[in-house]
Amino acid sequence: MLNKEDLEKLAALSQIELKAEEENSLLNDLKTILDHFEELKELKTENVPPLRGGTFNFNVLRKDEEGEALEKFIALQDFPLEKDGYLIIPNIFD
Amino acid sequence: MVENLTVKKFINGIKNKEFSVFEIVSELVKKVEMQDNNLGAFLSFWDKEALKIANDYDVHFNFSNDSLYGLPLAIKDNILIKNKKTTAASQILKNYIAAYDATVISKLKEANAIFLGKTNLDEFAMGSSTENSAFQITKNPLDQSRVPGGSSGGSAVAVASGEALAALGSDTGGSIRQPAAFCGVVGFKPTYGAVSRFGLIAMASSLDQIGPITKTVEDAEIIFSKIAGKDQNDATTFDYQYQKIKDLNAIKNLTVGLPEEYFIEGISNEVSKGIDFAVEKLKKLNVKFKAVSLPHTKYALSVYYIIMPAEVSSNLARFDGIRYSRNAKFSNLKELYLKNRGEGFGKEARRRILLGTFVLSAGYYDAYYTQAQKVRRLIYNDFEEVFKKVDLILTPVTPTLPFKIGEKTNSPMEMYLSDIFTIPANLAGLPALSLPTGFKKDGLPVGFQIIGKRFEDNKVLGFGKFYESN
């Protein structure tokens, strides 16, 4: 059964900081939802191939041709910090 | 008059110069100014720009029969319109300006439609009541103490309250059909792959579809036929030449299945009566019904709440605090991720990301995710079997009438249950239509759902038109 430690591990994997006061309610919500999933164990599915997506298309390729790309200044307009066309991000190495 | 103005009547009216584009857009603008502070359908509204374009369309009148000349539309705020703010109703995108048009928007621009603004939704389209929006709640215009449904609640309200002639929504587990039913309008989720999702902010990519919310099924067909088709920017799309069914009398020869698993305890009395009303009406029109069974229906909710969060946890990884927006204070890179995502995502988004991360994690992947994909196959096979015996399936859209604002916000599981009848069509990729039965209880409408075979969107819409024209 999911416990607080598991929840914190999931939050770390998801890169989400949780507020201490919401941990209990989140944990309870997740437990209720996971309990509901137990019903899936009733079904025998050894020989059922998984349906791995919504489409039956395969090998969807476009022609290898030049196309138009977004202009650089438009592509950058939503980047929070930028200087002289360079993107500013925090230090990666401490 | 705009309340009752359909897309069809608008196109004819413009063609015959019964009114101008400017007159209609002005009336809609007045309506929004008068009532939308209270209803909360729109997140952005571009009155001046819409009026200017409307005027240009009148001055340089260039109507063509197969266009949507001057048609004023509302667009769900998870669909990109170039140079317009697109928030997905999330704090993390509150200042995001779209750099390009979604394919559906390019197609509608080509057809000369006008965009009035962007409509409210549950954050990232996650919810069934539009209460998960980071910015505002939206009220059901038929009873303002009740929710409009969700996640495309703003689009449904804009159409139902006469603020737009039609709207686009997106549907991952019922987000077009359920709000349409709650607001007494028409909502259509096309076959998976019929409409490009390029420029739709992705939630669960194996389930998401864009579709119309309109006043009539005929209008839904008009909009759908304009946005459908192959797009090299969405590999799931296929060549689609929509073939309208011209002779609606041929509809009578179709056989409609009533799946026993959809008529269960837990359906409210009013919804039962509404469905009986629709079935009786159709029987009088000589439509043939057949009892059928979709035995794995009861597992659909579990399958959906494993597969969808798994895809959500992956799709929402791009909102990292490096791109799009950077708000929280941080001292190193790790903290930047944690804080921006922690503060930027609302509760439901965080819940689903955590759940998705769980079902995909080592040790649980096979037990949850693979098992869900296998049961998804069983659900798909159920439909395949039933469609050997019948042409269409008729079901309720929702188990209850619209619920009260705040009624389910503290119980995610109860909120999830409001989508039990709409989820299976997404899991199987089938076209599904929600339309009013005509039955009402205390002014609140009951809708019903028509599900068809993949690529038979025309039969689903044809059947809907047959119902509404009789």
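**Close-up views of a predicted model**

**View 1. Contacts of B:Leu73 in the predicted model.** Neighbours within four places in sequence are left aside here.

**View 2. The largest nonpolar core.** This core has 155 residues. B:Leu73 is one of the residues with the most contacts inside it, together with B:Ile114, B:Ala164, B:Ala167, B:Val303 and B:Ile306. H9(B) gives the most to the core, with 10 residues.

**View 3. The contact between chain A and chain B.** Chain A brings 43 residues to the contact and chain B brings 53 residues. On the side of chain B that touches chain A, at least two residues come from each of helix H9 (300-315), helix H10 (333-344), helix H11 (347-359), helix H12 (365-386) and helix H13 (412-417). H12(B) gives the most to this side, with 11 residues. By class, the side of chain B that touches chain A has 30 nonpolar, 14 polar and 9 charged residues.

**View 4. Chain A and its elements.** Chain A has 3 helices and 2 strands, in the order α-α-α-β-β from the N terminus. Its radius of gyration is 23 Å, whereas a compact globule of 94 residues would have one near 12 Å. The C-alpha atoms of chain A fill a box of roughly 55 × 45 × 25 Å along the principal axes. Of the 94 residues of chain A, 12% count as buried.

**View 5. Confidence along chain A.** The mean pLDDT of chain A is 90, and 99% of its residues reach 70 or more. Confidence in chain A is highest in helix H1 (residues 4-13), at a mean of 96, and lowest in helix H3 (residues 72-76), at 80.

Notes. Residues numbered from 1 in each chain as written. Chains lettered and ligands numbered in written order. Predicted model: local features only at pLDDT ≥ 70, side-chain atom pairs only at ≥ 80, totals over all residues. pLDDT = per-residue confidence, 0-100. Helix = DSSP H or I, 4+ residues; strand = E, 2+ residues; numbered from the N terminus. Contact = placed C-beta atoms within 7 Å. Nonpolar A, V, L, I, M, F, W, Y, C, P; charged D, E, K, R; others polar. Core = buried A, V, L, I, M, F, W, Y, C linked by C-beta atoms within 7 Å. Buried ≥ 20, exposed ≤ 12 C-beta atoms within 10 Å, placed from the backbone. Rg over C-alpha atoms; globule rule 2.2 N^0.38 Å.
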